[in-house]
Amino acid sequence: MAAAPSSLASSHLTRLAAAVAAPAAPQQLRLRCSRRRAQRVVAMAGSGKFFVGGNWKCNGTKDSISKLVSELNAATLETDVDVVVAPPFIYIDQVKNSLTDRIEISAQNVWIGKGGAYTGEISAEQLADIGCQWVILGHSERRHIIGEDDEFIGKKAAYALSQNVKLIACIGELLEEREAGKTFDVCFKQMKAYADSISNWANVVIAYEPVWAIGTGKVASPEQAQEVHAAVRDWLKTNVSPEVASSTRIIYGGSVNAANCAELAKKEDIDGFLVGGASLKGPDFATIINSVTSKKVAA
């Protein structure tokens with residue numbers, strides 16, 4: 001009967017010696033415990049929060065905008081997203097006074113300098129005066145319908161930033177430019193116009209919007225969008241600084257909707273969206289905002 005305790009002790013000592021000789025097992029256990037405790041965080045190439053802007057363009061009435069604001073106020077939105085909406089000028093005050101503070105306000109255009117005898121224009125000082133924090137500049141509709149050129153847009157951008165109005169800086173190529181293999185050339189030329197005028201990029205978000213995808217129902221594939229975003233980030237690294245390249249958010253615009261946003265959001269260099277038509281539908285816009293969950297990985 002005395003042999004049994006001796007055998008047990010011998011077995012225990014054998015297991016203990018094996019554990020000391022093979023430290024990998026405790027390491028694996030710690031890793032498994034770490035994964036169980038891990039939270040999910042947003043993984044992006046650009047630093048800062050995921051960014052979603054809604055460009056309402058020349059749409060809306062007092063009543064339709066009141067309804068849209070009510071939908072946005074009632075929506076449940078992920079917290080780790082910066083959200084901005086851009087109403088037409090005449091409705092900015094209405095929206096600012098009724099929309100949740102969770103969402104910031106942008107203008108769709110601004111004048112190149114200080115106000116004065118410039119009929120029909122709005123100055124950056126006036127935007128700041130009414131609490132409008134952002135402006136969209138360089139949008140393709142301003143470039144190709146109104147006729148604004150790269151240099152003019154760059155100067156507008158610099159002046160807006162000088163007045164503490166933050167910037168959504170748009171770039172993008174026409175269909176014929178893409179088909180001719182000139183996408184990078186066009187986008188880099190537009191980027192250079194911004195870089196020639198901007199000295200501080202802290203309050204700049206870049207929006208890549210292929211013109212052929214804006215309002216057409218066509219959308220760049222996630223791979224096409226990622227390719228351009230990565231190229232623009234590389235351009236910033238080479239021509240501005242590695243710090244600006246890593247900190248600047250580059251968002252995608254061009255027929256983004258509730259159905260395609262999640263797949264686009266998964267791409268590393270897509271740091272958010274600039275949304276047109278879908279931003280006029282509160283539930284759809286909320287879905288796009290919440291697509292940030294597609295970027296979340298275990299930490």
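This is a predicted model: local features need pLDDT of at least 70, side-chain atom pairs count only at pLDDT 80 or more; totals for chains, interfaces and linings use all residues.
1. The side chain of Arg249 meets that of Asp82 in a salt bridge, at 2.7 Å from N to O. Asp82 itself is partly exposed, at a relative accessible area of 27%.

2. Now for the strand that carries Asp82. Strand β3 (residues 81-86) has 5 of its 6 residues buried, so the rest of the structure largely encloses it. On one pairing, β3 goes with strand β2 (residues 50-55) in the parallel sense, over 6 bridges. Here Asp82 turns up again, standing opposite Phe51.

3. β3 also pairs with strand β4 (residues 103-107); these two run parallel and are joined by 3 bridges. Val84 has Glu104 in β4 as its bridge partner. To get from β3 to β4, the chain passes through helix α4 (residues 92-98), and that β-α-β crossover is right-handed. A right-handed β-α-β unit is also made by β2, helix α3 (residues 62-74) and β3.

4. Back to the salt bridges, of which the model has 15. Take Lys155 and Glu151, whose closest N and O atoms are 3.3 Å apart. Both sit in helix α7 (residues 150-162), and because they are 4 residues apart, about one helical turn separates them. Lys155 is partly exposed at 42% relative accessible area, while Glu151, at 52% relative accessibility, counts as exposed.

5. Another one worth a look is Lys267 with Glu223, where the closest N and O atoms are 3.5 Å apart. Again the link is between distant parts of the chain: Lys267 is in the loop between α12 (261-265) and β9 (272-275), Glu223 is in helix α10, and they are 44 residues apart. Lys267 is partly exposed, with 24% relative accessible area. There is also a network: Arg142, Glu148 and Lys156 are joined by salt bridges that share partners.

6. Last, a stop at Asp234, which lies in helix α10 (residues 222-239). With 49% relative accessibility, Asp234 counts as partly exposed; the cut-off for exposed is over 50%. From Asp234 to Ala245 the C-alpha to C-alpha distance is 7.0 Å, with the two 11 residues apart in sequence.

Terms used: Residues are numbered from 1 along each chain as its sequence is written. Side-chain values use heavy atoms; hydrogens and water are left out. Buried means under 20% relative accessible area, exposed over 50%, partly exposed in between (1.4 Å probe, protein chains only). Two strands pair if DSSP finds at least two bridges between them. A crossover is right-handed if, with the strands pointing away from the viewer, the path from the first strand over the helix to the second runs clockwise. A salt bridge is a side-chain nitrogen of Lys or Arg within 4 Å of a carboxyl oxygen of Asp or Glu.
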